[in-house]
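Subject: Structure handover

Hello,

Here is the structure I promised to pass on. Please open it next to this email and read the two together.

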Amino acid sequence: MRLWCGLACLLVVLATACTSPPNKEMDQAQGAIDAARAAGADRYAPAEFTAATTALKNASDAVAQGDYRLALNHAIDSREQAQNAARVAADTRAKVRGEVERSIAEVNALITQVNAWIASPAAARTPRTRRTAQQVVTTSTAEVQKAGSAMQAEDYAGAQKLLTETKGRLQKVLPAAPNVAAAQSTKRRK
């Protein structure tokens, strides 16, 4: 008899739990989505963020249809997806920032190499190439500063694009510099 009373009470609790909209869970899901957006999930974890917002919309649709159990499931799913989106966004943001920092270091190393060549005696023998290299170094130094500003504004894609272009220009100038320097050092050895 006690077993039947316990089961009856459980059924009543479950039935009443699904007779009203899951407002609390939907509010929690919306809060998690807002937190994920603040973490940059819409930019750095778009698939996960979209899944979270879609699940919340599905929860709202289920409430409108009176299916509160389905609405509860969607609301819980939305909250979990939003929390996952926030984690993925934080990881992706850190990864992208690290890539941009490495690119800045690579460009600075190339600038140093080109500057070393410009200061060498071999560069004095090729004034046109030296002048071009100096212009590229000046432009590249300014672009590294712009990339740093873009990083501070969290425009990692813009910073990376700028650094890739800068790196390409420096690499075009650099092959002429070491070849001349290498040719000069081989002549000295003979």
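Below are the findings, from the overall fold down to single residues.

**Overall**

This is a predicted model. The mean pLDDT of the protein chain is 86, and 82% of its residues reach 70 or more. Residues 180-184 fall below 50 in pLDDT, yet this stretch has six contacts in the model beyond near neighbours in sequence. Over residues 186-190 pLDDT also stays under 50, and here the model has one contact beyond four places in sequence.

The protein chain has eight helices and zero strands. Of its 190 residues, 28% are buried. Look at contacts between residues at least 6 apart in sequence: 73% of them join residues at least 24 apart.

**The core**

The largest nonpolar core has 40 residues. The members that touch the most others are Ala41, Val100, Val114, Leu163 and Leu170. Two or more residues come from each of H2 (23-38), H3 (41-44), H4 (46-64), H5 (68-119), H6 (121-124), H7 (127-152) and H8 (156-189). Which helix gives the most? H5 does, with twelve residues. As background, nonpolar side chains tend to be buried together in soluble globular proteins.

Leaving out residues up to four places away in sequence, Val114 touches Ala133, Val137, Leu170, Val173 and Leu174.

Ser103 is also in helix H5. Its relative accessibility is 11%, so Ser103 counts as buried. Beyond four places in sequence, Ser103 touches Gln160 and Leu163.

**H2**

The 16 residues of H2 should span 22 Å at 1.5 Å a residue, and the end C-alpha atoms are 22 Å apart, which agrees. Met26, Ala29, Ala32, Ile33 and Ala36 are buried in H2. Seen down the axis, these buried residues fall within an arc of 120°, so they line one face of H2.

What does the buried side of H2 pack against? Its buried residues pack against H3, H4 and H5. The face turned away from them carries the exposed residues Lys24, Asp27 and Ala38. Just after H2, Gly40 takes a positive phi of about 90°.

**H4**

Buried in H4 are Phe49, Ala52, Ala55, Leu56, Ala59 and Ala62. They cover an arc of only 150° around the axis, which puts them on the same side of H4.

The buried residues of H4 pack against H2, H3 and H5. Ala47, Lys57 and Ala64 are exposed on the other side of H4.

**The aromatic pair**

The count of aromatic pairs comes to one. The ring centres of Tyr44 and Tyr156 are 6.4 Å apart and the planes are at 45°, so the pair is tilted. Tyr44 lies in helix H3 and Tyr156 in helix H8, so the pair ties together parts that are 112 residues apart in sequence. Are these two residues buried or exposed? Tyr44 is buried, and so is Tyr156.

**Two loop residues**

Pro21 sits in the loop between helix H1 (2-17) and H2. With a relative accessible area of 29%, Pro21 is partly exposed. Pro21 and Tyr68 are 47 residues apart in sequence, but their C-alpha atoms are 5.4 Å apart in space. Not counting residues up to four places away in sequence, Pro21 touches Val63 and Tyr68.

Glu154 lies in the loop between H7 and H8. Glu154 has a positive phi of about 60° although it is not a glycine. Its relative accessibility is 30%, so Glu154 counts as partly exposed.

Best wishes

Notes: Residues numbered from 1 in each chain as written. Predicted model: local features only at pLDDT ≥ 70, side-chain atom pairs only at ≥ 80, totals over all residues. Heavy atoms only, no water. Core = buried A, V, L, I, M, F, W, Y, C linked by side-chain atoms within 4.5 Å. Buried < 20%, exposed > 50% of the residue type's maximum accessible area, 1.4 Å probe, protein only. Helix = DSSP H or I, 4+ residues; strand = E, 2+ residues; numbered from the N terminus. Contact = heavy atoms within 4.5 Å. Arc of directions from axis to C-beta. pLDDT = per-residue confidence, 0-100. Phe/Tyr/Trp six-rings, centres within 6.5 Å; stacked < 30°, edge-to-face > 60°. Expected span 1.5 Å × (residues − 1).
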